[in-house]
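Subject: Structure for your review

Dear colleague,

Please find below the structure that I am handing over to you. My notes on it come after the sequence and coordinates.

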Amino acid sequence: MASSLLIKNASQVVTMAGKTEKPARQNAMQQLNVIENGSVLVVDGKIKGVGKLEELKQRYKDDSAAAEVVDATGKTVTPGLIDPHTHLVHAGTRENEYAMRLKGQSYMEIMNAGGGIHATTRATREAGFDQLHEESKQRLDTFFQYGVTTVEAKSGYGLSLEHELKQLEVAAKLNEDHAMDIVSTFMGAHAVPVDEKENPEPFVSRVIEEMIPEVARRKLADFNDVFCERGVFTPDQSRRILEAGKAHGLVPKIHADEIEPYGGAELAAEVGAISADHLLKASEEGIGKMAGNNVIGVLLPGTAFFLMAEYANARKMIDSGVPVALSTDANPGSSPTLSLQFIMNLGCLKMGMTPEEVLSATTINAAHAINRADTIGSLEVGKQADIAIFDVPNYLMLSYNYGMNHIDGVVKRGQFVVAGGQLEN
Ligand SMILES: N=CN[C@@H](CCC(=O)O)C(=O)O
Ligand SMILES: [Zn+2]
């Protein structure tokens, strides 16, 4: 017997239809394809129909008659939100560094003095598999409660084969035993280990010759990411690392131009990266090259907010034709938040994006940024039934009442994982 669910009479159903082939850019980011007073029929975990209630009832008589019915009157239904850039698997917190930054020390000063990424690397190396699994599981539960149904998760707090594999194995296990979908990225090139800072080349070689081949052999990641920044990895080292990943089937991503303009956006275009992320200081030329080479800009305004830095120039990117996605960058140092809704608020209020653009950026474009747009990111027939139900009468309210969690329900592969704002068991 098929299991079916009918979410009926939502004041708005934001479908995002028609953007599965290519990420939305420029004006296409404004088009949400909203159905007023709309309903969604789900059968066996997939979207069977989206439209007016009467149409669905007529067209899919048996399925709608057998369905569990949920009344969404007064609510807004969207595709489950997608977070395309997180550092999900790590141990511990760094509130001490937050206090240091508030007294004037910079993020890079703290990192160069052995804190920052190095502090979380020490904690993550010390943590056992079970501790990492438990901490990360709790974060996934919170992501669900905020409407996120798929997250990308990076390694990068191991910085050795053993510990990078441990992080990726934790993500793989969570992908199996938690309802959240997790898409993994290898990021062994997140920092040069403290004791090798003076001579990073042997570490770069280990990333290329030892870590990438083993991660690929074990099929533990889809993507390969590098922190291309002065004092971390140079553009030349980053290029070699990303090319090595490509040779093993790992698609390039890049942490680019976060602290200063460093050629990261340009490099992303040159190596054919699926996305370049951060881009607070991306050059005009780099933005143009991204637009010309279909590189998605994954913007992380929570990082600018938390580091009290200038925001990425989202307007310029969108107007130049860069498809833009948004993400929390959830991590213990530069963006300790799990609320993609707050990131949507920042997208509007701090980066000049429209409410329509931020919804495109957290659904279909985020799906494209992790190469999953064929199955998620929009409410279209045949796609996975990942659905967010917000307790607001229209999508504008999502970015209007800022800093709030508007989630009422979350459906993952056709099953409620959050109902009445509470996590289901
Ligand atoms: N900038 C580099 N990496 C992370 C921060 C990691 C950390 O501080 O622990 C980021 O994307 O912001
Ligand atoms: Zn990051």
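The findings are set out below, from the overall fold to individual sites.

Overall fold

Please bear in mind that this is a predicted model. The protein contains 17 helices and 17 strands. Its radius of gyration is 21 Å, close to the 22 Å that the globule rule gives for 425 residues, so the protein is as compact as a globular protein of that length. Along the principal axes, the C-alpha atoms fill a box of roughly 70 × 45 × 45 Å. Of the 425 residues, 57% are buried. Among contacts with a separation of 6 or more, 70% are between residues 24 or more positions apart.

An unreviewed UniProt entry assigns the feature "domain: Amidohydrolase-related" to residues 76-417. That span is 44% helix and 17% strand, and its end C-alpha atoms lie 17 Å apart.

The annotated binding site

The unreviewed UniProt entry also places a "binding site" at His85, His87, His255 and Asp329. These positions are spread over 245 residues of sequence, yet they cluster in space, with a largest C-alpha distance of 12.2 Å.

His85 is located in the loop between strand S6 (81-83) and helix H3 (95-102). Is His85 buried or exposed? It has 30 other C-beta atoms within 10 Å; the threshold for a buried residue is 20 or more, so His85 is buried. Residues up to four places away in sequence aside, the contacts of His85 are Glu152, Asp277, Val298, Leu300, Ser327 and Asp329. Asp329 is also one of the annotated binding-site positions.

His87 is found in the loop between S6 and H3. With 26 C-beta neighbours inside 10 Å, His87 counts as buried. Apart from neighbours within four places in sequence, His87 is in contact with Lys154, Gly156, Ala330 and Asn331.

Surroundings of ligand 1

Ligand 1 is surrounded by 14 residues, of which Ile117, Phe227, Asn331, Gly333 and Ser334 are the closest. By class, the shell around ligand 1 consists of three nonpolar, nine polar and two charged residues.

Nonpolar core

The largest nonpolar core has 138 residues, and Ile7, Val40 and Ala268 touch the most other members. Leaving out residues up to four places away in sequence, Val40 touches Ile7, Val13, Ile47, Val50, Val77, Leu379 and Ile387.

Helix H14 (residues 340-351) is largely enclosed by the rest of the structure, because 10 of its 12 residues are buried. The buried residues of H14 are Leu340, Gln341, Phe342, Ile343, Met344, Asn345, Leu346, Gly347, Cys348 and Met351. Just after H14, Gly352 adopts a positive phi of about 70°.

In helix H11 (residues 284-292), the buried residues are Gly286, Ile287, Lys289, Met290 and Ala291. Which elements cover the buried residues of H11? They include helix H10 (264-271), strand S11 (275-278), strand S12 (296-299) and helix H13 (314-320). After H11 comes Asn294, which has a positive phi near 60°.

Yours sincerely

Conventions
Residues numbered from 1 in each chain as written. Chains lettered and ligands numbered in written order. Predicted model: local features only at pLDDT ≥ 70, side-chain atom pairs only at ≥ 80, totals over all residues. Helix = DSSP H or I, 4+ residues; strand = E, 2+ residues; numbered from the N terminus. UniProt positions renumbered as here; feature names shortened; annotations may be inferred. Contact = placed C-beta atoms within 7 Å. Core = buried A, V, L, I, M, F, W, Y, C linked by C-beta atoms within 7 Å. Near = placed C-beta within 6 Å. Nonpolar A, V, L, I, M, F, W, Y, C, P; charged D, E, K, R; others polar. Rg over C-alpha atoms; globule rule 2.2 N^0.38 Å.
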